[in-house]
2 protein chains.
Amino acid sequence: MKQQNSQTEEKILEAAEQIFLRDGYGDARMQDIADLAGINKALLHYYFRSKDNLFEYIFEKKISVMFPKMEEMFNQNLSFYETTCAFIEKYITLLNDNPYIPMFVMSTINRADRQDFIKKLPIGLIQKFAELYFKDFSVGKVREVNPAQLIISVMSMCAFPFIARPVIKEITKADDEQFKAIMQFRISEIQLYLKYILNQ
Amino acid sequence: MKQQNSQTEEKILEAAEQIFLRDGYGDARMQDIADLAGINKALLHYYFRSKDNLFEYIFEKKISVMFPKMEEMFNQNLSFYETTCAFIEKYITLLNDNPYIPMFVMSTINRADRQDFIKKLPIGLIQKFAELYFKDFSVGKVREVNPAQLIISVMSMCAFPFIARPVIKEITKADDEQFKAIMQFRISEIQLYLKYILNQ
DNA sequence: GTCTATAGAACGATAGAC
DNA sequence: GTCTATCGTTCTATAGAC
């Protein structure tokens, strides 16, 4: 009984994740989720009361990918440059395995009726980076730039290509695997920019 | 008669633009467009046969903002660095007046049923930039980087903050005007990065 | 050209049998 | 726990009066 229960719930969550990531909240259909899970609509509402409920569940499960946990990285006493280089590699590798996440998160928080979802984002990450920058800047280890703008730039260079993925795939005539390779190469390219910007 | 005709059509287009930009295709409602235009739904279908038709009209009108016309800029015989600096200023100024455009375009071309809209984008721009880079690189005017990756980076740094606008506004506690100011300041910051990256 | 009224389909959600 | 059947609503689109 309980075994079967968990199995169905797991199937629903997997299907919901796939459909919501592909279509976003508004365009996603409960029927599509039911079909993909191999069950019917009524059972969806038995496990999760409403579409809103199910979506919130998936969203909260996925935001950690958009703003990854970085605690251990900040506790290693690395420089701002080293920490940011490590972040770039970790972030793009993570997004290469979850290419739909940036569009999913951004389309959600841009909906007029879902702006409260912004508060679910773990945005303390930005503050940590800024503190580390000022620490290195005060001892002359990095060139003077605006740290908030720099962090926005790094996240932009990592995340935006996944949002513009269909365009980039079309321009470069790349398939999914080739796009992954482009992004893999991009890690060292962004790290190179950072090196020049910070004068390392 | 014809005067009235044009006036109504203009009101519809203005309303449709506003609603589609805010909600995207899937979440936009013909009723909302009709209400905003001060007419009824039936009249919408009299002027534009379907929602698809109306949307396509608006989309084609707006893509020039996402990929701005740059012909005159390329004909001024400026260096790659100068041209890209000018692009950054022009692009962010343009997006500051049209902050919803990046999300609108990206959410459209990420829809499974709207991928043919990618072909409407004037992506020749990228090629022009790459050619100009190689011209300057061959005479040692710029440092060696991957030009395609650099152009993606510049566009990312310009466009992504508008897509993440609700997040940035929340983190910085900025209103619409303050966000505009942040982006205005961002122009010189991105230009500074470019200077360091290209060793100018 | 503009309106009211409504058709026809799709969607989220629920009732009730098993 | 899982199903079929259906309710109530919402949406695009059209018919028909003026």
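Biologist: How many residue pairs are in polar contact across the interface of chain A and chain B?

Modeller: The rule finds 14, both residues at pLDDT 80 or more. A polar contact is a pair of N or O atoms within 3.5 Å; within protein, one must be able to donate a hydrogen and the other to accept it, and residues adjacent in sequence count only if both atoms are side-chain atoms. This is a predicted model, in which local features need pLDDT of at least 70 and side-chain atom pairs count only at pLDDT 80 or more, while totals for chains, interfaces and linings use all residues. Residues are numbered from 1 along each chain as its sequence is written, and side-chain values use heavy atoms, without hydrogens and water.

Biologist: Why is the meeting of B:R111 and A:D27 called a salt bridge?

Modeller: The term requires a side-chain nitrogen of Lys or Arg within 4 Å of a carboxyl oxygen of Asp or Glu. For the side chains of B:R111 and A:D27 the N to O distance is 2.4 Å, so the pair meets the rule. Across the interface, two salt bridges are found.

Biologist: What makes the relation of the chains that of a two-fold axis?

Modeller: Chain A is laid on chain B by a turn of 180 degrees and a shift of 0.0 Å along the axis, with an RMSD of 0.1 Å. That is the relation of a two-fold axis. The superposition is by least squares on the C-alpha atoms of residues with pLDDT of at least 70 in both copies.

Biologist: How do you know that the copies meet through the same surface?

Modeller: Of the interface residues of chain A, 100% are also interface residues in chain B, so the surface is the same. The contact (heavy atoms within 4.5 Å) takes 43 residues from chain A and 44 residues from chain B.

How values were computed. Chains lettered and ligands numbered in written order.
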